[in-house]
Amino acid sequence: MNAHARTFNEAARQQTADLRQRAWIQTALSGYYAKRDEFKNRFQSWPAARDTAAAIKWEAVNHLDRYLDEFASRLEARGTSVFWAPDAQAARDYIVGVAREHQVRSIIKSKSMTAEEIHLNDALEQAGFEVVESDLGEYIVQLRHEPPYHLVFPAMHLTRQQISNLFHDRLGSAPTDNPEDLTMIARRVMRRKYCEADMGISGANFAIAETGMISITENEGNARLTTSLPKVHVAIVGIEKVLPRLSDLALFLPMLATAGAGQPITCYNTLYGGPRQPGEPDGPEEFHVVLLDNRRTELLADAEQREALHCIRCGACLNVCPIFKNVGGHSYGTTYQGPIGSVITPHLRGLQDWKHLSQASSLCGACTETCPVKINLHHHLLHNRRNAVRERPARFEKLIQTAFVFVMRRPRLYEWIGRFGRILQPLQRLVRGTLLDPLRAWTKTRSFPPVAEKSFRELWRERKKP
Amino acid sequence: MNNREIILGRIREALKIAAPHPALHDGTGTTTPLPASPQKWLPPVGGTLEEQIELFRRNAEDLKAEFRECTSANEAGQYLKKLALAGGWKKIGRHSGELTDPVARELGLPEVRTDGGYAVNDLESCDAGLTECEALVAQTGSVLVSAPSAGGRALSVLPPHHVVLARRNQMVPDLTAALQRVQEKFKDKFPSFLSFISGPSRTGDIERILVLGAHGPKKLTILLLP
């Protein structure tokens, strides 16, 4: 077992034993389920909308070269600098370079999982720049020096008391258990930052090829302020974010909001097509778009799993996943948590190091069923398992399977083993769950079914007797 | 070879093997041809303007935005006077426009105009931002603004109360129609900024409890003029 798998197992063991935390996550998600269903039902056909969304993403991802080229060319035509980053290092270097060139003093950032993926904040801080996360949840986890707990709800694991204590310690605010007061504390801090910052960094939810625009979805208005006031705006965009046409947003914006947050539409859905244009009163003087590959093209090369690039990062699969709800977002140790994270992380960071995430699944398929772009998530977990074993055969498991087949094909031997088990089981009971127990891996958290008094074959023989 | 060619090269290489079509992978679907408009799957919208205004009103209410029909710019200005009094407004931000000019004149408060540039701190200290828009979307209760129709990027998000002035002929049934409208209007000369605003700024980041006025406006008022 590698270090990542050991860390995951240990964290998962601790989290699953923390009943209070598990109950908390359930509570935090219960409102989401009700709202998500309510707004899904307002669609004339949610299943048909999913089919259409899947077909549009398929079209985009399977003609990615054409659409990306179109996207970049149109942005450049209106004065945007497009940087193609083959890997995380290139993206970090470029963005640090932009900050240096403009001698920025403070940087304000809106939520971006892609920026998390390349550890952008660390790189900027090491280069001597102050970066402030402006999304409330991201700001809270930044103050705690933690990664986001969830793709969409970064601070969902924290209670208002914990947040109040954090603000009290770090910002000197008076303790309060009112979420509105807590929000206003952050609002006041951030207002100053927006006005002072000379560089804004954002992600993007969609990249529109037809018109050369990025689309940012948010509720708080922090991304809008981040991209309005500072004189430089840098957007970091994964290459898979492309949509062919502007009109595709008419489907994707409501679907993203419904699946991701249980909202009919999010508060702000904003399109940026360049820096401040002639005649416009405000906006950045420079607009940089960083297109990030960072091994996405390796996932693209796997035709079987290519559709994992259709993901719009709504987080719906996390919200329904029994594993996520029990082990929590931090146990994964990845940028992208939950089912989609378990599918793509082995591609982005190495199959052998991250294959254990594909084992951490009940294969219940709730993720596949909820995905708004119909990614066959639980099947991809199986594909990852298969690929991992193909690449590095599990010899011990293979041996066990061979022995199993050997026994199952020999009824007499099977019967004898059954009898043997009947004799041994009372002995095993004496050491059950302890280090002496050969079945410990199973029995330390589960019971082992008793071997039947008589096997079917024995019963059959008895009853056939006249 | 530059980075652009490297990445596009990797993509072309990767795409040499075709991927299975999405509608077939689970064996239940049949291939859906891409509809020109996804409208037939999205929430339904009535065909007449009155129905659309009614739907917009309901959606705006759900989004905690205020929606009101006014018979004239005069009436809109009078209504804003009441809001100003109740909210203790001392100064507003606005841009020049055929709707904002008469309404602001009626309101008669000191103002910061964003046309041609402004100081950020001046705008930040305004109690309200008065803008026009490109379209109102009945299906979602959204206001579509752009840099030219809303006095730039910040006016509609920085002051704590955003007031939108719109005309009845700006009501469109759905997002598709709104996007089509701006595409026809701007052709290849798009503004650098377009935004669908759906209710006042909000967050649920603390215990998933809804709080209005996270970073943007705490209040959104939409006044529909003839």
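**Notes on chain A**

1. Let me begin with how the chain is connected. In chain A, 74% of the contacts with a separation of 6 or more are between residues 24 or more positions apart. Please keep in mind that this is a predicted model, so every value here is computed from predicted coordinates.

2. On secondary structure and dimensions: chain A contains 24 helices and 10 strands. Its C-alpha trace spans about 100 × 55 × 45 Å along the principal axes.

3. Next, burial and surface. Chain A has 466 residues, and 59% of them count as buried. The chain exposes about 19700 Å², with 55% of that area supplied by carbon and sulfur atoms.

4. A:Phe404, A:Val405, A:Met408 and A:Tyr414 make a nonpolar surface patch of about 410 Å². Which helix gives the most to the nonpolar patch? That is helix H21 of chain A, covering residues 395–408, which gives three residues.

5. Finally, a closer look at one member of the patch. A:Met408 lies in helix H21 of chain A. Why does A:Met408 count as partly exposed? Its relative accessibility is 44%, and because partly exposed covers the range between under 20% (buried) and over 50% (exposed), A:Met408 falls into that middle class.

Technical notes: Residues numbered from 1 in each chain as written. Chains lettered and ligands numbered in written order. Predicted model: local features only at pLDDT ≥ 70, side-chain atom pairs only at ≥ 80, totals over all residues. Heavy atoms only, no water. Helix = DSSP H or I, 4+ residues; strand = E, 2+ residues; numbered from the N terminus. Buried < 20%, exposed > 50% of the residue type's maximum accessible area, 1.4 Å probe, protein only. Contact = heavy atoms within 4.5 Å. Areas by Shrake-Rupley, 256 points an atom, 1.4 Å probe, with all protein chains shown as cover. Patch = residues over 30% accessible without salt bridge, like charges linked within 9 Å, V, L, I, M, F, W, Y side chains within 5 Å. Salt bridge = Lys/Arg side-chain N within 4 Å of Asp/Glu carboxyl O.
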